[in-house]
Amino acid sequence: MADVSFQDVTKQFAEGTLAVKGLSLAIPDGEFMILVGPSGCGKTTALRLVAGLETATSGTITIAGRAVTHLSPRDRDIAMVFQNYALYPHMSVQRNLAFGLRQRHVPRDEVERRVAAMSAMLGLDELLRRRPAQLSGGQRQRVAMGRALVREPKAFLLDEPLSNLDAKLRVQMRAELKRIHQRLNITTIYVTHDQVEAMTLGDRLAVISGGELQQVGTPQDVYEHPANVFVAHFIGSPPMNLLRATASAGRAQAGDLSVELAHVPDGPCVLGIRPESLSLMAPDDPRPSLDFDIEVVEPLGGELLAHGFVNGRLASPDASEETPLFTGDSESRAEVTVKLDGRLRLKAGERVRLAVHAGEVYAFDAASGAALIG
Amino acid sequence: MATPTLIGADRPLDFEALPDKRPRHWPFSPWHLFLIPLSAAMLLPLVWSVITSLETSADAQRFPPVLLPSSLHFENYVHAWNSLPFGHFFLNSFLYAAATVAGNLLFCSLAAYAFARLRFFGSNLVFVLLLVTLMVPFQVVIIPTFLIVRKLGLIDSVGGLIVPNLCGVFGIFLLRQFFLSLPVQLEEAARIDGASRLAILFKIVLPLSAPVLATLAIIQFMWSWNDFLWPLIIITTPQHAPLQLGLSMFQGSHVTQWNLLMAGTVMSQIPMLAVFLFAQRWFIQSIAYTGIKQ
């Protein structure tokens, strides 16, 4: 077990793609760290850099305080679970589990002891003689994790390990992963684009976009205090509603919504409101409110999602220097999603008045997308 | 607003005018009309040689050939076997074929894996140069090869047959293409598991390459077994001759004993047939890569 750190790590591929830009991240011993971001954001490349399957163009990667940037994978003492499992198809489960130990010349009886212990822990005892082709998806997943963990590596790397499982199995394996981590307390780096996995599994999240680290923090911290408009929109499901607004004298105006935001400087800005921060307005509710025309209602049982329009203009979450938040002529009606009590009986076509929960409106700089914190 | 109408909907459908799409039932596919004569043409030399091997010397010389001999002379096989050192021929051919098959499997695997997976300076250039040598006919390189083998002191020995054929460009190309098709994650998993490049080749890649290795083995065995030109050039002693060269000894400068030559030829093809029958299940079998979810 060991800590892992990136110090200003950059990876540029031979054909010129800049996959990871100046990544600095410290993962203490025993932490469950999630690298999360949209596909193609460089999170898998970052993981492969730790594994040694790619070599960093510049910067330093350390494992247990030792610089490993130019070491081969076998000298790094890490283990990895691949998205497609990559089990050796010509070997039995037993030999798949033992392969890594055998390659490291662990004595035979020690190999048998560790394989037996791992298969007992993961419930693989019945499957040891089978080949990967004879296993179900969940079983293969388990074998892949067993193969990685049986070596007792310094760090455990997982590349979207649950993405090939069906929804039910995914939930089950998610809980199992958490259990394994609590039991072995091994430094884990987990790559996913699924923000539910990111929120539920991680001790901390690192949100990555366009090869750059956007924010690091505990799931709750990242959810409650997003550093910028990208993180705000990416973490949370359904995503945060983003509206263009104009601030003057401590108030921000977006369509017919007017909220008091003392810390926001005068001029254009972006307001962010999570779907769960809106509710139906009571008759003499003093809170800021806005009209909402319901277009589609999605009942989820305990709660419901209502999609519709408000007066105002939508802002884009993909803020970058090339595409500022306010590009193009957006409609004067902005599409908004609201999460409401499931017992409400709302119909498409209805107009309701929504109130905004006090203190749950986020403001972002219109040019950089950075959060404006009061 | 005009109601949309289907084109032709104003006319009643004329069933008589529709073409008859019912299939005609021939007892064979039309392809057979082409394939059966072709098979017969391919088979004729084989049948002819088997028949000749069972005829008397006189019948075998006759023209037009006697395709239905009056009597069968199985003793031709005994005569053929006894009149020349067939035991030596078989042994030499077997050594030649077995050694070149083993050599090709080993050396082509190593080279092919390097070309498929290792990045080294000039790898593409070297590979293209190797491929170019495939286009050079053997006749062009006979003299340099002969000189090298003579320098090695291997003229007129089975070793001289084997050494220039231990590794072929065709084998490298065939295996490289197959290795490229294997999922790279398996090798990455093995690298992380601590396997060296050689361990990956021998423990992961080659076990998954059985079909293509069997293919290469059969092709190389057939090629070495039937090789005539190179043995003709470097072998002078009958004891060192492989089968195909040995058989030519039935062809005298004045008389050719066709029936004995054909008996010997038929015998020489039996091991080839055995190898093919033995290896064809590997030929046909394909590996299911179900450890990887595609």
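Two residues are counted as being in contact when their C-beta atoms, placed from the backbone, lie within 7 Å, and the legends below describe a predicted model.

**View 1. Contact between chain B and chain A.** In this predicted model, 20 residues of chain B are in contact with 22 residues of chain A. On the chain B side, the elements that contribute two or more residues are α9 (184-192) and α10 (197-205), and of these α9(B) gives the most, with six residues. The residues on this side of chain B comprise 12 that are nonpolar, four that are polar and four that are charged.

**View 2. The largest nonpolar core.** This core has 153 residues, and those with the most contacts inside it are Leu157(A), Ile189(A), Cys269(A) and Leu271(A). The element that gives the most to this core is helix α4 of chain B (residues 86-117), with 11 residues.

**View 3. Surroundings of Leu271(A).** When residues up to four places away in sequence are left out, Leu271(A) touches Leu243(A), Ala245(A), Ala252(A), Ala254(A), Val361(A) and Ala363(A).

**View 4. An open antiparallel sheet in chain A.** Four strands of chain A are arranged in the order β2-β1-β4-β5, with antiparallel pairing, and the edge strands, each of which pairs on one side only, are β2 (18-27) and β5 (66-67) of chain A. Strand β1 of chain A (residues 4-12) is joined to β2(A) by six bridges, and Val9(A) stands opposite Leu23(A) in β2(A).

**View 5. Helix α1 of chain A on the sheet.** Helix α1 of chain A (residues 43-51) packs on the sheet, where this helix touches β1, β2 and β4 (58-63) of chain A, and its direction makes about 65° with that of β2(A).

Conventions. Residues numbered from 1 in each chain as written. Chains lettered and ligands numbered in written order. Predicted model: local features only at pLDDT ≥ 70, side-chain atom pairs only at ≥ 80, totals over all residues. Core = buried A, V, L, I, M, F, W, Y, C linked by C-beta atoms within 7 Å. Buried ≥ 20, exposed ≤ 12 C-beta atoms within 10 Å, placed from the backbone. Pairing = 2+ DSSP bridges. Axes fitted to C-alpha atoms, helices over the stretch in contact; angles between N-to-C directions. Nonpolar A, V, L, I, M, F, W, Y, C, P; charged D, E, K, R; others polar.
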